[in-house]
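Please keep the structure open beside the text as you read.

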Amino acid sequence: MSPALILQVAIGGILMGLLYAVVAAGLTLIFGLMNVVNFAHGALLMAAMYATWLIHRSTGLDPLLQLPLVAALLFGTGVAIYRVLIARTLQIRVNGAMVQIFTTFGLSIFLVGLAQLVFGSDFQSINASFLGGRTLAFGAVVLPLPLVASGVVSLLVFLALFRLSRTEFGRALEATREDFEAVALIGVDRDRIFGIGWGIGAAAVGIAGVLLANFYYISPDVGTNFALIAYVAVALGGFGSILGALIAGLVIGLTEALTALVVDPSLKQIGIFLIYLAVLMFRPRGLFGKL
Amino acid sequence: MPISETAIAADRPLLSTRHLRAYYRGLVALHGIDLDVGAGEIVAVVGANGAGKSTLLRAIAGQVARSGEIMFDGIALANLPAYRICRLGIALVPEGRRLFPRLSVEDNLRLGAYARRGPERFRPLELVFELFPRLQERLTQRAELLSGGEQQMLAIGRALMTSPRLLMLDEPSQGLMPRLVDDIFAAITQIRARGVTVLIVEQRLAEALAIADRAYVVQTGRIVLQGSAREIAENAEVRRAYLGM
């Protein structure tokens, strides 16, 4: 095994990790804000990928150029999910957490079923994109351009999220996170903040979906595995921590890639779940968790 | 201040409740409260523990289920959510303060003006720092690291940042050292002097009645007595029967 290969695999893992981190960021943002685990997060990723594929097929618009469009689409979807479903579950006084779990889980089953109905279960892919098939070479290290672009955009997403947290709205988001009942005392409409939080969380996973659609197959089930990794990332990074999601995403991407070097690639996720078990045993609140 | 100067304009008090009932965990906690607060007054609500004083403030602020009539400057509040009531100019400093513990003092204060718009919205900061200079020294500190007294100051400061016309305080002296209690009550008088009407719920009868113009005595969810603060303070029967003094 040459050092160049190891380096290439490691960088590839880090780039993939950035993408995992963006998926996890959306999940952790919603959880941190209102203690609701969105089990439909993977389905939203899938929806974004199909949206990208559909738009590409019908208009020819390159996935990269679709980023703002699909992000906005998913933002709207997130807000709608909050308004139509989640806001109602918050009114429930008895066993509310269970109701929330079943609601988002049910939504996931519905969305995946809907995708199967509409698109069938065949794999789809976007073959002719601006980035597709191109590579970027640094000496002996050769990286697929879609993956590099995905890493760069993912970093920009995190930059935007960190910037957002410093704005006045970000402070209100943080305040809502700390005490969602007390924000009414300062005239803040909790439902509006929650709705926007869901919008941002869904937009993040929407961006991840567009990036992924550039180089990954698209199927109704595609979100499941990414969501699973995102749950691990959220647990590792700490529930509710955006920085935690970033670090955890990177750790997971790198672990996955390096595991694939030493064991059969089909078992590459073993390393991730070993990390997950270790977190559960030794640091249940995660690296940056506030629980 | 003599009562005549602050008596409610007979036609329209700033805040009035009629037949206000409130419900707490399915039980009726207030049984038809009629209360008036005139602009510029300090009105105290006193009574024993569990009498329903806090519930009264929470009902006005829209934080508990309630029925009956609540009018604030001609606007009916009974069907409005809590955040809208705050935007209309009613600020509640709740029991337990409910600060945002991991946010800095400055963030807590600035968030008070979050729902306000316009260039003037941070202007109450001047008043807050004038009343509580200590907050200015602690701007970057997390709210959770403040002492109990400082937290109370911050809670009042945050409420003032919403530019309220009516400030409602729920047991502002709770858990504070006597010296700090005096500071808080002095601040409340100054806040009124700036034109903010005050409705205060307090266990410390003497201090509350000393700064109030009028008072209501609440017992098991009903108003059993009302009058000028001096009358209430001097009423021996009240002291014995309702306030355990």
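In this predicted model, strand E1 (residues 15-24) and strand E4 (residues 65-72) of chain B pair in the antiparallel sense over 7 bridges. Strands here are DSSP runs of E with at least two residues, helices are runs of H or I with at least four, and both are numbered from the N terminus; two strands pair if DSSP finds at least two bridges between them. Within this pair, B:Ala22 stands opposite B:Arg66 in E4(B).

The pair belongs to an open, antiparallel sheet of 4 strands in chain B, ordered E2-E1-E4-E5. Its edge strands, each pairing on one side only, are these:

| Edge strand | Residues |
|---|---|
| E2 (chain B) | 27-37 |
| E5 (chain B) | 75-76 |

Stepping back, chain B holds 11 helices and 10 strands. Its radius of gyration is 17 Å, close to the 18 Å that the globule rule gives for 245 residues, so chain B is as compact as a globular protein of that length. The radius is taken over C-alpha atoms, and the rule is 2.2 Å times the number of residues to the power 0.38.

Finally, 14 residues of chain A are in contact with 18 residues of chain B, contact meaning C-beta atoms, placed from the backbone, within 7 Å.

A note on conventions: residues are numbered from 1 along each chain as its sequence is written, and chains are lettered from A and ligands numbered from 1 in the order in which they are written. As the model is predicted, local features need pLDDT of at least 70 and side-chain atom pairs count only at pLDDT 80 or more, while totals for chains, interfaces and linings use all residues.

Methods:
Contact = placed C-beta atoms within 7 Å.
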